[in-house]
Amino acid sequence: MSIVYLNGHYLPMEDAKISPMDRGFLFGDGIYEVVPAYGVRMVGFRPHIERMQNGLAAIGIALDWNEQRWRELCEQLIERNGSGDLGIYLHVSRGADNKRYHAYPEGIEPTVFGFTFEIPPSPVADKSSTKTYTVTTTEDLRWKRCNIKSTALLGNVIHFNQSYDGGNNETILYNAAGELTEASACNVYVVKDGKIVTPETDHQILPGITRLLLLKILRADGSLAIQERPVTLAELRDADEVWISSSTKEIAPVVRVDGERVGDGTVGDTWLAAQSLFSAHKYEY
Ligand code: PDD
């Protein structure tokens, strides 16, 4: 039975109740995180919490929790759910008011919720056993604050289902200028002639923690070239390799884009080198 945290209490999932007047429920007015943990080891804990604090500040939710308090919550959730390979979902909404009114209410307490869910085992850098992905593309029709990890995910959900409904795994998004932004729940990378490029972080994309760690790891190692710059849809179509990344899948190879093979349609050598380095160094940040 899954044990969750809600507003100061640990309790079975089915006993966790929130008010229907919670602004997370009514407006999607909240911030969330997903922190991966393998056994008792979390990946990127500190940058995940920093990103959440930034998101809370950006939307004016005052929650007096420091990094240590979040760490204790995560450690408790891991322990109470038997460790294993877990995604730790953390969620702070603005809280429940007694009316539905757009203005930020005074004097309500944020709702803090956390639960764990199973994720695949720590990915292994192995060409034959890694899961491969097929994606489709579409214009990014979400809002202009995609750097905020908001619980209001309808845009992402609609985009995800555009590929999922056709039997694919993800939807890669591009803006009106034909430049890639990200995928509906992942960041995106294109590899050509051994050089890796990924869109820069701005208001159009979530600054992914897996992306952040990958950049740090590759730059510290120095054997693979990675550049942050605008990446066009044409480059995606002409790529030798395409990857997507997120906390629950690390660096994932894409073998088809809109039904067309990427490169020769198999997992590439640059992916192998990058995921190997990621696996070796992911706990260092
Ligand atoms: N999604 N971009 C979007 C839109 C995302 O939702 C995510 C993560 C990422 C990758 O970020 P990170 O490397 O920090 O996981 C990029 C999470 C896992 C989710 O919504 O479940």
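Asn-7 is partly exposed, because its relative accessible area is 40% (buried means under 20%, exposed over 50% and partly exposed in between, with a 1.4 Å probe and protein chains only). The model is a predicted one, in which local features need pLDDT of at least 70 and side-chain atom pairs count only at pLDDT 80 or more, whereas totals for chains, interfaces and linings use all residues. Residues are numbered from 1 along each chain as its sequence is written, and side-chain values use heavy atoms, with hydrogens and water left out.

Asn-7 occupies the loop between strand E1 (3–6) and strand E2 (9–12); helices (H or I, at least four residues) and strands (E, at least two) are DSSP runs, numbered from the N terminus. Although Asn-7 is not a glycine, its phi is positive, at about 45 degrees. Most residues other than glycine have a negative phi. Asp-258 likewise is not a glycine and has a positive phi, of about 50 degrees. This residue is located in the loop between strand E14 (250–257) and strand E15 (260–261), and a relative accessible area of 31% places Asp-258 in the partly exposed class.

Two further loop positions were examined. Gly-28 belongs to the loop between helix H1 (23–27) and strand E3 (30–38) and is buried, with a relative accessible area of 16%. Beyond its neighbours within four places in sequence, Gly-28 is in contact (heavy atoms within 4.5 Å) with Arg-23, Ser-150, Thr-151 and Ala-152. For Gly-28 and Ser-150, which are 122 residues apart along the chain, the separation of the C-alpha atoms is 7.4 Å. Val-40, in the loop between E3 and strand E4 (41–42), is exposed, at 65% relative accessibility. When residues up to four places away in sequence are not counted, Val-40 touches Ile-78 and Ser-83.

Strand E5 (residues 85–93) contains Ser-93 and His-91. Ser-93 is buried, its relative accessibility being 1%. Its side chain forms a polar contact with the side chain of Asp-22, at 2.6 Å. A polar contact is a pair of N or O atoms within 3.5 Å; within protein, one atom must be able to donate a hydrogen and the other to accept it, and residues adjacent in sequence count only if both atoms are side-chain atoms. Apart from neighbours within four places in sequence, the contacts of Ser-93 are Asp-22, Gly-24, Asp-29, Gly-30, Ile-61, Pro-110 and Thr-111. His-91 is also buried, with a relative accessible area of 16%. The side chains of His-91 and Tyr-89 make a polar contact at 2.8 Å. With neighbours within four places in sequence left aside, His-91 is in contact with Ile-31, Tyr-32, Thr-111, Val-112, Phe-113 and Thr-151.

Helix packing was described by axes, which are lines fitted to C-alpha atoms, for helices over the stretch in contact, with angles running from 0 to 180 degrees between N-to-C directions. Helix H2 (residues 45–58) packs against helix H5 (residues 209–221) at an angle of about 130 degrees, with the axes 10 Å apart. The two helices are therefore oblique to each other; angles under 35 degrees count as roughly parallel, over 145 as roughly antiparallel, 65 to 115 as roughly perpendicular and the rest as oblique. Pro-47, His-48 and Arg-51 of H2 meet Ile-209, Leu-212 and Leu-213 of H5 in this contact. By class, the contact of H2 with H5 comprises 4 nonpolar, 1 polar and 1 charged residues, where Ala, Val, Leu, Ile, Met, Phe, Trp, Tyr, Cys and Pro count as nonpolar, Asp, Glu, Lys and Arg as charged, and the others, Gly among them, as polar.

H5 also packs with helix H7 (residues 269–281), at an angle of about 100 degrees and with axes 10 Å apart, and the pair is therefore roughly perpendicular. Thr-210, Leu-213, Leu-214, Ile-217, Leu-218 and Asp-221 of H5 and Ala-274, Leu-277, Phe-278 and His-281 of H7 make the contact, which divides into 7 nonpolar, 2 polar and 1 charged residues.
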